[in-house]
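Let's take a walk through this one together.

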Amino acid sequence: MTMRCSRVSAAVVMLGVGLAGLAHAAPAVVLEGARLIDGTGRPARDNAALVIEGDKITAVGTAGKLPRPKGARVVDVHGRTIMPGLISAHSHVGLVAGTANRADAYTREAVQSAVVQYEQYGVTSVVTLGLNRDLVFELRDQQRAGAAPGASIFTAGRGIGAPGGVPPQPVAPDQVYRPATAELARAAVRDMAGHHVDLVKLWLDDGFGKFTKMPPEVYHAVIDESHKHGLRVAAHVFYLADAKALVAAGVDVLAHSVRDLPVDDELIHALKAHGVFYIPTLNVDESFFLLAEQPEVMKDEFFTHAVSPELLQMFQSQAFRDKVAANPSVPKEKAAFAVAQKNLKALLDAGVHVAFGTDSGALPERIPGWGEHHELELMVRAGLSPMDAIVAATQGSAALLKATDRGTLEVGKRADFLVLAADPTADIRNTRQLISVWHGGREIAPRVPAHAP
Ligand SMILES: [Zn+2]
């Protein structure tokens, strides 16, 4: 088995070298005339010029002043806005098939089609934060060798849940570890370290009191063993007290909002002292009622092209609305959503590192691609400026990943960016006005192109 895998990988690597060689031989591209949002938080720059050679940005300047490399292809983007590609630091793939979560949904085809969908929606990098089968590592390797399409995959592999507890999704046994003891938890981390996961994921929650939480000795062991292997840990969290306990135990990323209580000075101080990243995933709680209560969000094709016809039909059915109306958790989710919005604003104002994620792909209601644009809108509704939301979704997530090659549009970074028909700093919903998506210097047609002049 090992031998066969390594031979396949070798073939993929050789193919990748061939593709990479071709990419570098391609002429330079210069995009001239757009407003440029570079992802650093600096004000947008007008009439910019961006030079791309191979998969990298090699110069940034002013159109008309920045010299064009000899033989460069010139793309006129006057009237457009360019911003970095979105980076979801919390998503999932291969968990939903048809209209439901299914334990047999995680196939190579499902993962490939999910990452292609993300890319076509302008999400150029995606973290599949747990519940992955090991084939994700093979797909990640193929991509890194230049031999597979779609959003760049970063992954937490299977992740570590609690026996009989969270995560509650139906998945195959080879998609999550549920260690009962600290020793088994350490073994799970060692197994994932062997696969070079980009992050380790753990779940600490009781699903509104329905489940037993992971005991402290288990999450302490996960964090300690991960750090021994140079890996950082992202935790699913809900409660303020758990967030404090995790940060005290050394967790590196809170992968959801604190949603039971307002964040306090003690947590803010600890998050800043430890340099912990916070991924708000505001749409998570909203997703339990949004589509049933605001069906108008499903009207435009930016939404409808992100879901299958059967899923759309289910969301638009009376049975779906009735099910949501009868769900006793919905009032709790609404309260949690309101707390999450307030906490995001408080933490950003306090200077905590905010990154970006959606939990898209975890449930049928969390829509890959569409969900990321919706999340940006929710962050702005929570009180962030559009620029704050964009920085979290680009530079913020890249910093979380320590992916120093992406996240901003500066010399030496990957050419991962979006060309938009309108300026998202004027209205965050303009991130949906996609003219083109550029990923590693390759131009990709958006799934739903902007109806632009
Ligand atoms: Zn998740």
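Where is the place of His-90? His-90 belongs to strand 6, and keep in mind that we are looking at a predicted model. With a relative accessibility of 0%, His-90 counts as buried, because the cut-off is under 20%. Setting aside neighbours within four places in sequence, His-90 has contacts that include Val-127, Leu-129, His-256, Ile-279 and Asp-359.

One of those contacts brings us to the metal. The zinc ion is coordinated by NE2 of His-90, NE2 of His-92 and OD of Asp-359, at 2.0 to 2.1 Å. Along the chain these donors are spaced as H-x1-H-x266-D.

Now for the nonpolar packing. The largest nonpolar core has 99 residues, and Leu-202, Leu-246, Leu-254, Phe-303, Phe-315 and Met-379 have the most contacts inside it. Helix 15 (residues 386-401) gives the most to this core, with six residues. A second, separate core has 17 residues, among them Val-127, Leu-129, Ala-156 and Ile-279.

Next, the rings. There are seven aromatic pairs in the count. Phe-238 and Tyr-239 have ring centres 4.9 Å apart and planes at 70°, so the pair is edge-to-face. Phe-238 is buried at 7% relative accessibility, as is Tyr-239 at 18%. Another edge-to-face pair is Phe-289 with Phe-337, 6.2 Å centre to centre and 70° between the planes. Phe-289 is in the loop between helix 8 (283-286) and helix 9 (290-293), and Phe-337 is in helix 13 (residues 330-350), 48 residues apart. Ring pairs also link Phe-208, Phe-238 and Tyr-239 into a cluster.

Lys-334 lies over the face of Phe-289, 5.1 Å from the ring centre. Elsewhere, the charged end of Arg-144 sits over the ring of Phe-154, 5.4 Å from its centre.

Finally, how far can you trust what you see? The chain has a mean pLDDT of 94, and 94% of its residues reach 70 or more. Residues 1-24 stay under 50. Where pLDDT is low, the predicted coordinates should not be read in detail.

How values were computed
Residues numbered from 1 in each chain as written. Predicted model: local features only at pLDDT ≥ 70, side-chain atom pairs only at ≥ 80, totals over all residues. Heavy atoms only, no water. pLDDT = per-residue confidence, 0-100. Contact = heavy atoms within 4.5 Å. Core = buried A, V, L, I, M, F, W, Y, C linked by side-chain atoms within 4.5 Å. Buried < 20%, exposed > 50% of the residue type's maximum accessible area, 1.4 Å probe, protein only. Helix = DSSP H or I, 4+ residues; strand = E, 2+ residues; numbered from the N terminus. Donors = N, O, S within 2.8 Å, 3.2 Å for Na, K, Ca; no water. Phe/Tyr/Trp six-rings, centres within 6.5 Å; stacked < 30°, edge-to-face > 60°. Lys NZ or Arg CZ within 6 Å of the ring centre and 35° of its normal.
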